[in-house]
Amino acid sequence: MADAAFATIVGTLNSGVVLVAYALFLGASPTVIGILAAIPFLCQLLQAPAILLVERASSRRLISIGALFVARLALPLMAALAFLPDKNVALALLVIGETVHCAFNSVAGCSWNSWIRDLVPSETLGKFFARRTVWATLLGAAGTAAAAGALELASRGYAAAGTVFFGLYAAGFLSSLISTWQLAQVPETRMVRPAHRRSLKTLLAKPLKDSNFRRIIRFLATWQFAVNFALPFFTVYLVEQAGYTAGFVLVLSIVSQLANLLVLRGWGELSDRFANKTVLAVAAPGFIACIASMALVPELDAGARSAYLIVLHVLMGMASAGVALASSAITMKAAPQGEAHVYMATSSLITSAAAGAAPLIGGLFATFFAQRGLDFGLTWTSPDGVAQVVALSFSWWQFYFLISAAMGALALRRLSAVTEQGAVQPREMIVHVLNSARRGIRNASPVAGLRASVAFPAAALIEARRRTPMREVRAPGRVPSRTATAVARRFIRQKRAAARLARA
């Protein structure tokens, strides 16, 4: 838990919005932004040689800790780039530092997946990752708030931007040291080893022989390409086109993280009860709808735009919690015991290639979309004149959001082909959630108990009246043992007991 929490601080201070803002400070173009966004995914291709390393090494914990320590040594070097006089050189070194950081993180991730998969029972994976992510999100939100405040001070001239970025990366490095030390305290189970060593080709081919696992990979690859075609450019869009500061964008990130935190445990329980596929079938469409809704931001008034973005990021955070949790769990659940590192690495190789290609293509096409636009509207003509009812205009990054949503719809079709034990129709899970929420609302009010205690048992009376003559016919002259009044009294007692239990 502590490792995840401090590792999340590293991510909030040294990646995502902060990294993009740092690159923009150094004069990055959309193509460079796309490259920076693609590096974490393309470095996942190093999972292939990492598999052989895990297969041959005696300790997965040693691999994880060693690789993480080397990866995080790049952070203080990246911090010093803010003071280089040549911004082009600094930008090139930033790309190199990010590559080193992500490359060794990928090696550590392959070993970590196998380590944790064998450590945690498969039937509690959902709850484990939900709890782990809750703690990570709490400290991550605190780190994001600190970064947002620092960037806001820099944007208003209270602090030098170079000094702010140096401080953020230095703080991230200190957090990474704590994270690595905490991870070193986690115990390691003994890995089940095959009788003979297998070649890399054999290792990677085995998961692909599983037809259902191939369907999972097809869905995840399409999904990753769809969402990463647009998500890396959210910060560029909000800062350069919508006119917001990087600090406000980080505030939106905090809002999304808090919304993620509020529903994460619920998503974990739902994934264990209704299966991960069902959770994905509910959460993924909501996430795609939020991406498409970003295209409407320029159409709103300045006053309503900020509120709209906050609500949108709340919904996006809630949906992303379910998608991230279920995507990871469904892949781990499909992996046999002792083979998680092979299955996870095979999945990462394919899905990461798709996710890395998306921002690269998006960055290369930035100039193309920047010079094009799409306008359409509805007008009403009357004797009083012509009134414009609806007027929409899409240009540049808005195209990315709409294209991303369309590709996300394709990914959802591929999800329907995936099979998972215990999966049900999304409607059943939605009904369960709504019924639980309704019971919670009713139990939170004292009126609910009073309503239950005075409810008129009409159905019970009708049933009693229907059955009494039948008993009298079967046993003439015998007094019925259960009259309508007795049934009504018993029903009222049951309702009162239920109401007391609900209030308790």
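With which residue does Arg132 form a salt bridge, and how far apart are the closest N and O atoms?

## Basis of the report

This is a predicted model, in which local features need pLDDT of at least 70 and side-chain atom pairs count only at pLDDT 80 or more, whereas totals for chains, interfaces and linings use all residues. Residues are numbered from 1 along each chain as its sequence is written, and side-chain values use heavy atoms, with hydrogens and water left out.

## Salt bridges

Arg132 forms a salt bridge with Asp3, and the closest N and O atoms of this pair are 3.3 Å apart. The two partners belong to distant parts of the chain, with Arg132 in helix α8 (residues 125–155) and Asp3 in helix α1 (residues 2–14), 129 residues apart. Both Arg132 and Asp3 are buried, a term that stands for under 20% relative accessible area, while exposed stands for over 50% and partly exposed for values in between (1.4 Å probe, protein chains only). A salt bridge here is a side-chain nitrogen of Lys or Arg within 4 Å of a carboxyl oxygen of Asp or Glu, and by this rule the count comes to 3.

Glu188 is paired with Arg60 in another salt bridge, with the closest N and O atoms 3.5 Å apart. This pair also links distant parts of the chain, since Glu188 lies in the loop between α9 and α10 (200–208) and Arg60 in helix α5, 128 residues apart. Glu188 counts as partly exposed because its relative accessible area is 27%, whereas Arg60, at 2% relative accessibility, counts as buried. Glu152 forms a salt bridge with Arg156, the closest N and O atoms being 3.3 Å apart, and Arg156 is exposed because its relative accessibility is 60%.

## Nonpolar surface patch

A nonpolar patch on the surface, with about 800 Å² of accessible area together, includes Phe69, Leu93, Val100, Phe104 and Leu177. Patch residues have over 30% relative accessible area and no salt bridge, with nonpolar side chains (Val, Leu, Ile, Met, Phe, Trp, Tyr) joined within 5 Å. Helices α5 (60–72), α7 (87–119) and α9 (161–183) each supply at least two residues of the patch, and α7 gives the most, with 5 residues. Val100 is placed in helix α7 and counts as partly exposed because its relative accessibility is 34%.

## Overall fold

The secondary structure comes to 22 helices and 2 strands, where helices (H or I, at least four residues) and strands (E, at least two) are DSSP runs numbered from the N terminus. Of the 504 residues of the chain, 45% count as buried.

Key. Patches are made of residues with over 30% relative accessible area and no salt bridge: like charges are joined within 9 Å, nonpolar side chains (Val, Leu, Ile, Met, Phe, Trp, Tyr) within 5 Å. Accessible areas come from the Shrake-Rupley method with a 1.4 Å probe; for residues, only the protein chains shown count as cover.
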